[in-house]
Amino acid sequence: MEQDILLQAQDLTKYFPVTKGLVLQKTVGWVQAVDHVNFTIPKGKTLALVGESGCGKTTTAKLILRLEKPTTGQITLDGMDVHTIEGDDLKKYHTDVSAVFQDPWSSLSPRMRVRDIISEALVVNQKVEKHEAYERVDELLVQVGLRAQQATLYPHEFSGGQRQRLALASALVGNPKLIVLDEPVSALDVSIQAQIMNLLKELQDSYDVGFLLVAHNLATVRYLAHEVAVMYLGEIVEQAETDELYDNTLHPYTKALFSAALSANPDSQREEIILRGEVPSPINPPSGCRFHQRCPYVMDICSQEIPVRKEVAPGHFVNCHLY
């Protein structure tokens with residue numbers, strides 16, 4: 001049975017200009033932050049983007065949130081082009097898509113009470129009366145594991161884990177279809193991380209909301225994601241359902257990434273892959289396969305031809321000349 005597609009990115013590209021000069025600025029190059037990326041997020045499911053810092057994960061998330069505009073390509077939500085909507089459709093989009101960031105403190109105004117922070121999206125985008133919005137806030141606080149009476153407090157009166165619960169309540173207030181989770185648990189203690197991850201799964205089941213998860217921690221990704229896309233230097237190099245990707249890793253970069261992760265079992269034997277060199281500059285990426293300069297399995301063709309996306313198993317895609 002085919003899943004209903006909530007969000008789709010088609011041939012998505014984002015280049016940032018590199019300029020020289022203070023007064024008469026001249027463009028001398030382009031940072032290829034996201035380069036011809038394709039993925040879909042089904043309704044009620046989680047897609048995770050993983051990769052090293054600077055690979056394009058956060059830029060992709062910003063494109064979905066309309067914080068950046070794509071250079072080329074298209075993002076659609078329920079078939080509607082995200083970057084051409086305006087007016088009432090744009091207000092609806094800001095209700096349908098919300099975000100939870102790594103540091104909840106940055107998205108919680110220290111001068112506002114919790115009930116006003118969380119209800120703001122309802123009052124502004126949906127013109128809901130304040131007393132109705134406050135009732136919704138009380139419900140949400142209980143759902144995320146807090147007490148309704150805490151709605152009158154200020155953010156500084158909560159712990160880090162509680163503030164992340166507030167950020168979740170704020171993201172859920174408008175009954176969104178998609179929530180972008182940018183490192184949602186990495187700033188929290190390990191015991192609190194588990195609580196927030198369990199809460200995320202419960203809320204996804206309750207609201208049938210889709211997640212785009214941007215994360216470094218591969219254990220977090222395996223627990224939360226239904227599908228994983230591995231990014232390297234602006235490109236998706238491998239993509240598959242989570243269990244398939246973790247059990248049958250194919251791309252040399254994915255293998256290296258997974259070998260560097262801490263194992264849950266310290267006695268387990270596993271291959272350690274040490275990559276040579278540094279990540280190339282996104283201003284001047286290598287020809288052919290962008291990973292070939294660091295790849296332990298490099299062949300002559302790798303520096304000459306860009307590998308095409310191949311489906312090597314049902315739903316398992318890889319960009320590599322080895323396959």
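This is a predicted model: local features need pLDDT of at least 70, side-chain atom pairs count only at pLDDT 80 or more; totals for chains, interfaces and linings use all residues.

1. With a relative accessible area of 38%, L322 counts as partly exposed, and its contacts, leaving aside residues up to four places away in sequence, are P252, Y297 and M299. Although L322 and M299 are 23 residues apart in sequence, their C-alpha atoms are 8.7 Å apart in space.

2. N319 belongs to strand β12, residues 316-319. N319 has a relative accessible area of 15% and is therefore buried, the cut-off being under 20%.

3. The largest pocket is a separate item to inspect, with a volume of about 630 Å³. Of the 27 residues lining the largest pocket, those closest to its centre are H94, S98, A99, A121 and S170. The elements that give two or more residues to this lining are α2 (88-96), β6 (97-100), α3 (114-125) and α5, and the largest share, six residues, comes from α3.

4. Helix α6, residues 190-207, has 18 residues and reaches 26 Å from its first C-alpha to its last, which is close to the 26 Å expected at 1.5 Å a residue. Which residues of α6 are buried? They are Q193, I196, M197, L199, L200, L203, Q204 and Y207, and because they cover an arc of only 165° around the axis, they lie on the same side of α6. An α-helix has 3.6 residues a turn, so residues three or four places apart point the same way. The exposed residues D205 and S206 are carried on the face of α6 turned away from its buried side.

5. What do the buried residues of α6 pack against? Their partners are β3 (46-50), α4 (130-143), α5 (160-172), β7 (178-182), β8 (210-214) and α7 (218-224). Among these, α5 is also one of the elements that give two or more residues to the lining of the largest pocket.

6. Some backbone torsions deserve a check, given that most residues other than glycine have a negative phi. D208, placed in the loop between α6 and β8, takes a positive phi of about 55° just after α6; D208 is exposed, with a relative accessible area of 52%. The other case to look at is D78, whose phi is near 50° and which lies in the loop between β4 (72-77) and β5. At 36% relative accessibility, D78 counts as partly exposed.

7. Strand β9, residues 227-232, is mostly covered, with six of its six residues buried. E227, A229 and M231 point one way from β9, while V228, V230 and Y232 point the other way, and all are buried. In a regular strand the side chains alternate between the two faces of the sheet.

8. The pairing of β9 has both senses, and a bridge can be located for each. β3 and β9 run parallel and are joined by four bridges, with E227 of β9 as the bridge partner of L47. β9 and strand β10, residues 235-241, run antiparallel and are joined by six bridges, with I236 of β10 as the bridge partner of M231. In the hairpin of β9 and β10, which has two residues between the strands, L233 takes a positive phi near 50°, and this torsion may be read together with those of point 7.

9. Four strands form an open sheet in the order β2-β1-β4-β5, with antiparallel pairing. β2 (26-42) and β5 (80-81) stand at the edges, each with a single partner strand, so one side of each is left without a neighbour in the sheet. β1, residues 5-20, pairs with β2 in the antiparallel sense over 12 bridges, and the bridge partner of L12 in β2 is V37.

Notes. Residues are numbered from 1 along each chain as its sequence is written. Side-chain values use heavy atoms; hydrogens and water are left out. The expected span of a helix is 1.5 Å times one less than its number of residues. Buried means under 20% relative accessible area, exposed over 50%, partly exposed in between (1.4 Å probe, protein chains only). The arc is that of the directions from the helix axis to the C-beta atoms. Contact means heavy atoms within 4.5 Å. Two strands pair if DSSP finds at least two bridges between them. On a 1 Å grid over the protein atoms alone, a cavity is a set of points where a 1.4 Å probe fits but cannot get out, and a pocket is an open set with protein on both sides within 12 Å along at least five of seven lines; lining residues have an atom within 4 Å of a point. Grid points are joined across faces, edges and corners, and a volume is the space filled by probe spheres set on the points.
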